[in-house]
Amino acid sequence: MIVGLIVACEVAFWALLAGGLSFRYLLRMPRAGLALLLCEPLLEVLLFTVTAIDLKNGAEPDWKHGLAAVYIGFTAGLGHSTIRWADARFAHRFAGGPPPVRPPRYGTARAVHEWKVAARWILAAVVATALLQAAVWYIDGDGDTGSLRAWQQRMLWVIGINLVIAASYTLFPKREKAL
């Protein structure tokens, strides 16, 4: 049930995003588009609530509950940037907006960009880790929390990998090729 709800939330995320941008740019109804986009956090509240109820009703905590926490964390950390990314492309394609700004390719500007990307991923992992810890406390010894702890370790890997990538652009900046 939890996995099905996660899939439904992901599909609903993209449907609300497409609907919100369509109302905003194609139908020229920006308020209705904004209302649809503002409904997106409700998906995470629904998933959080259903997961908490499932655990409280005695479900054995497993990878599905961990995946729900990770999904919520990643939506919290990366959802806004995904919406901005799609909005820029939709505005350019359908509303005559300026072309989307490409990330810098070289030097300090690229390093700064990579640190911003890493910060979003780290935020996502920290939110997921906090939700997983809250689930461990919520269960309060009533079940095996090993699968939730395993998800927390994976989130530490996500943080570490993003730090290494961002640091590599800082320590070894890519330079423009001389002609």
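Predicted model: local features only at pLDDT ≥ 70, side-chain atom pairs only at ≥ 80, totals over all residues.

Reader: How many helices and strands does the chain have?

Author: Helices (H or I, at least four residues) and strands (E, at least two) are DSSP runs, numbered from the N terminus. Here the chain has 6 helices and 0 strands, and the order from the N terminus is α-α-α-α-α-α. The C-alpha trace spans about 65 × 45 × 20 Å along its principal axes.

Reader: How is the span of a helix such as α5 judged?

Author: The expected span is 1.5 Å times one less than the number of residues. With 33 residues, α5 reaches 48 Å from its first C-alpha to its last, close to the expected 48 Å. Just after α5, Asp140 takes a positive phi of about 55 degrees.

Reader: What share of the chain is buried?

Author: A residue is buried under 20% relative accessible area, exposed over 50%, and partly exposed in between (1.4 Å probe, protein chains only). Of the 179 residues in the chain, 36% are buried.

Reader: Which residues touch the most other members of the largest nonpolar core?

Author: In soluble globular proteins, nonpolar side chains tend to be buried together. A nonpolar core is a set of buried Ala, Val, Leu, Ile, Met, Phe, Trp, Tyr and Cys residues joined through side-chain atoms within 4.5 Å. The largest one here has 20 residues, and those touching the most other members are Val70, Phe74, Leu132, Leu148 and Met155. Two or more residues come from each of α4, α5 and α6 (146–171). The greatest contribution is that of α5, with 9 residues.

Reader: How many aromatic pairs are there?

Author: A pair of aromatic rings is described by the distance of the centres and the angle of the planes. Rings of Phe, Tyr and Trp (its six-membered ring) pair if their centres lie within 6.5 Å; planes under 30 degrees apart count as stacked, over 60 as edge-to-face and the rest as tilted. The count by this rule is 4 aromatic pairs. One of them joins Phe74 and Trp121, edge-to-face, at 5.3 Å centre to centre and 85 degrees between the planes. This pair links distant parts of the chain, 47 residues apart: Phe74 lies in helix α4 (residues 63–95) and Trp121 in helix α5 (residues 107–139). Trp121 has 32% relative accessibility and therefore counts as partly exposed.

Reader: Why is the pair of Phe90 and Phe94 called tilted?

Author: The pair is tilted because the planes stand at 45 degrees, with the ring centres 4.6 Å apart. Phe90 and Phe94 are 4 residues apart in helix α4, so about one helical turn separates them. Phe90, at 15% relative accessibility, is buried, whereas Phe94, at 41%, is partly exposed. Ring pairs link Tyr25, Phe90 and Phe94 into a cluster.

Reader: Which charged ends sit over rings?

Author: A charge sits over a ring if NZ of Lys or CZ of Arg is within 6 Å of the ring centre and within 35 degrees of the ring normal. The charged end of Lys56 sits over the ring of Tyr138, 5.0 Å from the centre. Likewise, the charged end of Arg154 sits over the ring of Trp151, 4.7 Å from the centre.

Reader: What joins the side chains of Glu10 and Tyr71?

Author: A polar contact is a pair of N or O atoms within 3.5 Å; within protein, one must be able to donate a hydrogen and the other to accept it, and residues adjacent in sequence count only if both atoms are side-chain atoms. Such a contact, of 3.1 Å, joins Glu10 and Tyr71. Glu10 is found in helix α1 (residues 2–26) and is partly exposed, at 32% relative accessibility. In helix α5, Arg110 is buried at 18% relative accessibility, and a polar contact of 2.9 Å joins the side chains of Arg110 and Glu114.

Conventions. Residues numbered from 1 in each chain as written. Heavy atoms only, no water.
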